[in-house]
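I opened my notebook to get to know a new structure. Here is what I looked up, entry by entry.

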Amino acid sequence: MKEIKSKSRFLLPIIVFVLVAILVSGTLYIRSSLMNLTMEERSNQLEEMVTQIRANLSNGLQTHWNLVEGLNNAIQGRHYGGVEELCRSIEEMEEVFCTEMYGSQIMLLDSQGTAYLKKGSVGIWNDVNHLIDGNIRHTFISETDNIDGCFLVFSKELKNPVTIGDDNKRFNHVLLLKDIKTIKQYYTTSTYGGNSATYFIKNNGILAYFDAEEDDVIGARNIFKALREVDYIQENRDFGSVKDEMDVEGIASANIRLDGTEYFHCLASFEDYNMILMLLIPASSVATSTLSMMNSTFKTSIIFMVLIVVMLLFAFFSFVRVQRSRQLVELEQKTNRELNQLRIVAENANAAKSTFLNNMSHDIRTPMNAIIGFTNIALKHNTSPEVKSCLNKIRDSSDHLLALINDVLDISRIESGKIKYSPSPVDIMEVSESVLTIVYGYLANRSINFKTEINEPKTRYVFADPARIREVLVNILGNAVKFTQDGGSIIYKVSYQDMNDNRHIVAHYEISDTGIGMSEDFLLHVFDEFSQESQDARTKYKGTGLGMAITKKYVELMGGTITVDSKKGRGTTFTVELPMEITKQGEVKKKELSSRKVDLNGLKILLVEDNELNAEIAIVQLEELGMDITWVKNGDEAVNMFREKPQGSFDLILMDVIMPKMNGYEATRAIRGLDGRRDALKIPIIAMTANAFAEDVQASLDAGMNEHLSKPIVIDEVIGTIARTLD
């Protein structure tokens, strides 16, 4: 017995030593493994993001090839009397093809390499050597001295050269020069909190364009040379291996240390455009959740290893504890499997909800178009007071129903992340004042004292999302009108405050009313979905209770704040503050509308609509205005009709989108691409569809349409759009 006890005294320290050694080595191994996994996860996440950016950029730039094809078809084989006539033609084509909207300009290149813009000749083009390799199409980055700026060039050799003058000087290439700064919309991402820097690099490593919130930390003209000199953190990794991987796979990333700071960079090649995209991001901004999880996992691993030591020591005395531990592991695995199944079910449900919302929007708007359209037609032709009263109620109810549908769809799309904040250069004074026209419409037939106090900022030109700002202000002002009794008052105050960085301002909107007000208890829920204070609010004031929820989400989407102060029976004050980045006046593109009236009488319209009721509504209302309507039932018939009819048979096309045989997008592209028909590129095509979301509008424009109208159609909007398009 004493011998056993003596052996136990020596055996126990040995076991403890072995277990401690296992604990230390296991902890180091786990940490090393987790670091490698984290590094791999960061690289994978970055490469996935850059792959998506590359896809978005390629899709966006493909539109410019469509422009080049159109330009090629439009200008080839022409003869001009002189340079002035040629330049005027270039200017006219830029207006027809809306190149300014794409941040582009047209260039023609003669056989001697001399370049011509709408302003005239700019001399021998420095990059003419890119076009002499025998290929018909070329794309590359140009920093030519002929024109200020850096451009992405889209070039195609003319099938039939353009000639000029009596000596028939030949122009063999038509080019589209896209300002490389304007492609930012295709690659901008907020995934890394605005800390990423974007580099566009020529294939030889020379930097063409840099875009970031902060200064360029690389600070070199030759990016490849600079990357060869930095420290690569990963083993057996250097710029040569990264470059080789990009050449083979099209994308590669690595972890580097630059001036004492750790970064991740990712290179993605654009073979079709002879350039390389590089994203440079501080390591602290990449996969932060994964890094946090790794630290937590490492701490948990240490605790777990300690527990193992304790459990192994305790195993000398209790096998039951070990068995119980196995049961806990099995239970954890079962729970993980169940959670994974729940995650899959939730993802499927979310996808089904998005599909349902898109389908519901289209399917509801189609019959709503018939209801509203036929009601308006009946109101024009029925003189019976009783029937008119009923029709007016039907129209009011239809408008209310459509507003409810829009609110429900908006809140769902906001929650699903489909609505994005898209700032653009605007005149903020015009945005702040544009809501007044709508509010004055609300105030018609009301006896409310409406006052405005609008101060002008030091700088009017900022980056903002005018549609979202208007919706926020109209929602608040609309509620103020709705909940303020006749004899009351509403004050609309607008002021602007400069921020300390001299790059931003804050727009301050204050809307006060003397309406019914809200209780302190309800103020806590005023921004909740479907919230209404009184039981009779839904019937007395109408609405879904979603207006303030949508308003708050839009304000937060724009990085702003909204607060409310209210007293029951005394009134309410809403305060909205929105930060905005300052821009230059020249960046603001104003849409100039002609003041002259366009005579629509006798206008020849090709109406493409598969739904007979919708077609009947459009025909009746447009023919009442003196237009000549030709109706076809799908895109295939529309293309055949346009092809068979001689030029000038139609002045404009109204195109539905969702149709059998050939949809509206396909039909538009087919018409725009008809050979030998110069009017195919010029005839205005307006989408008139139940697809009403922002991505639907963009899809119509990308397909080659000029405008987009959403159903239910409002005849005044249709008339105004037709007049503006023709003008």
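I began with a term: buried means under 20% relative accessible area, exposed over 50%, and partly exposed in between (1.4 Å probe, protein chains only). This is a predicted model, where local features need pLDDT of at least 70, side-chain atom pairs count only at pLDDT 80 or more, and totals for chains, interfaces and linings use all residues. Residues are numbered from 1 along each chain as its sequence is written, and side-chain values use heavy atoms, leaving out hydrogens and water.

**The chain.** I read that 44% of the 727 residues of the protein chain count as buried.

**Salt bridges.** I took a salt bridge as a side-chain nitrogen of Lys or Arg within 4 Å of a carboxyl oxygen of Asp or Glu. The structure holds 16 of them.

I looked at Arg468 and Asp465, whose closest N and O atoms are 3.9 Å apart in a salt bridge. Buried or exposed, I wondered, are Arg468 and Asp465? Both are buried.

Next I found Arg460 and Asp427 paired in a salt bridge at 2.9 Å, N to O. This pair links distant parts of the chain, 33 residues apart. Asp427 is buried, with a relative accessible area of 3%, while Arg460 is partly exposed at 23%.

I also noted a salt bridge between Glu510 and Lys493, with the closest N and O atoms 3.9 Å apart. Glu510 is partly exposed, with a relative accessible area of 22%, and Lys493 counts as partly exposed at 31%.

Definitions and conventions:
Helices (H or I, at least four residues) and strands (E, at least two) are DSSP runs, numbered from the N terminus.
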